[in-house]
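Biologist: Could you walk me through this structure, one piece at a time? I am new to reading models.

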Amino acid sequence: MASKQMVHMNQGQGERSYARNSGIQNAQQNRMKLLIERAIIDLCSSSTLLPETMVIADLGCSSGPNALALVSVAVEAIHGYCLQFQQPPPELCVFLNDLPDNDFNTVVKSLVTLRRINDPVVVTGVAPGSFYERLFTSSSVHLVCSSSSLHWLSKAPEVLRRNQIPAFYIDEHVRREKLPMVLEAYAQQFRKDFRHFLELRAKELVPGGQMVVSIIGRHSDGIAPFHIWDILAQVLSLMASEGVIDKEKFDSFYVPVYGPSKEDLREIIQEEGSFSIKEFLVHDFLSDLDSALVTPSWIANQIRAVYEQIVVQHFGDVMDEFVRIAERRWSLDASLLQQEHAGLAMLTLSVAKA
């Protein structure tokens with residue numbers, strides 16, 4: 001592609017915004033709360049005296065109400081620990097990170113809520129950039145959080161683009177035949193990216209520093225029968241079949257995401273060697289959501305909020321038609337929604353710098 005793919009969620013506060021269509025991500029953040037609180041307890045109790053300052057960072061914060069959720073849990077946990085053990089609280093520095101095209105205007109306006117009267121000092125800031133690059137100075141960060149972000153790759157696999165191999169074939173027989181090769185290309189890119197992510201954070205975290213992350217992945221190891229963006233690709237393939245979008249453009253569309261298994265993550269973390277795994281949780285993708293909420297319209301808008309920018313950049317203004325076809329497809333066969341999410345999992349883990 002001549003231009004770099006735009007990877008950011010829908011901006012603002014409108015009906016199509018990520019801020020109003022991120023219920024799945026919010027449910028995952030709620031699952032991370034206990035692990036963040038435990039990480040804070042470990043950090044605060046690792047020495048007799050608390051450090052004078054502590055730095056907390058959320059990588060891939062996006063925008064809307066979810067942007068402050070994780071760092072707010074960490075700040076409250078530090079305050080609670082200090083009150084419980086009657087220790088002077090450290091001054092806190094909170095950073096929110098995402099790619100430069102993120103809606104930081106909305107994020108910055110909400111940062112003020114972390115500063116409260118008569119509480120310890122909380123200094124806030126943004127750190128725009130890729131989390132596949134250095135973001136902070138060496139040995140400066142105490143806690144890193146990241147929710148529903150690390151399944152995004154630094155780029156789609158070059159080997160597929162270079163050899164003009166579609167990531168998703170419209171013909172189901174061909175798709176099943178080619179899927180092992182396609183998924184291996186994505187898996188290789190994920191291994192490279194995630195290992196690099198671990199190496200970077202190991203340099204930035206203090207000794208004993210902690211990370212709590214969640215990743216959209218899959219339950220099974222080995223060859224999975226899907227991409228994690230399969231639900232998007234299925235609808236786009238219908239649009240290509242019906243002539244709504246160009247088939248050649250569909251064949252050259254690559255979404256830079258990969259859903260690892262628990263075994264994938266454990267293997268990469270152990271091979272890289274900078275971190276030890278403390279806890280590892282696996283949940284069904286749609287668990288903890290009100291089943292009455294998970295309607296064809298709701299799912300279509302959730303997908304739109306996440307993928308609209310990258311789809312529009314490649315195909316043009318087709319998202320209204322995407323939503324219409326998606327709702328029609330899932331309304332005609334309600335079981336498709338469950339089938340297409342069945343193999344997906346939310347992987348949540350906490351690690352400590354070794």
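Here are some questions and answers about this predicted model.

Biologist: Where in helix α5 does a kink of about 50° lie?

Modeller: Helix α5 covers residues 172–204, which is 33 residues. From first C-alpha to last it reaches 45 Å, close to the 48 Å expected at 1.5 Å a residue. The kink comes shortly before the proline P180, at K178.

Biologist: At the start of α5, which residue's side-chain oxygen reaches to the backbone nitrogen of H173?

Modeller: Look at the start of the helix, where the backbone nitrogen of H173 has a side-chain oxygen within 3.0 Å. That oxygen belongs to D171.

Biologist: Are α6 and α10 roughly parallel or roughly perpendicular?

Modeller: The axes of α6 (residues 230–241) and α10 (residues 319–332) come within 10 Å and cross at roughly 105°. Angles from 65 to 115 degrees count as roughly perpendicular, so the relation of α6 to α10 is roughly perpendicular.

Biologist: How many nonpolar residues does the contact of α6 with α10 have?

Modeller: Residues including I231 and L232 in α6 meet residues including F322 and W330 in α10. By class, the contact has 1 polar and 2 charged residues, and the nonpolar ones number 10.

Methods. Residues are numbered from 1 along each chain as its sequence is written. This is a predicted model: local features need pLDDT of at least 70, side-chain atom pairs count only at pLDDT 80 or more; totals for chains, interfaces and linings use all residues. Side-chain values use heavy atoms; hydrogens and water are left out. Helices (H or I, at least four residues) and strands (E, at least two) are DSSP runs, numbered from the N terminus. The expected span of a helix is 1.5 Å times one less than its number of residues. The bend at a residue is the angle between axes fitted to the seven residues ending there and the seven starting there. A polar contact is a pair of N or O atoms within 3.5 Å; within protein, one must be able to donate a hydrogen and the other to accept it, and residues adjacent in sequence count only if both atoms are side-chain atoms. Axes are lines fitted to C-alpha atoms, for helices over the stretch in contact, and angles run from 0 to 180 degrees between N-to-C directions. Angles under 35 degrees count as roughly parallel, over 145 as roughly antiparallel, 65 to 115 as roughly perpendicular and the rest as oblique. Contact means heavy atoms within 4.5 Å. Ala, Val, Leu, Ile, Met, Phe, Trp, Tyr, Cys and Pro count as nonpolar, Asp, Glu, Lys and Arg as charged, and the others, Gly among them, as polar.
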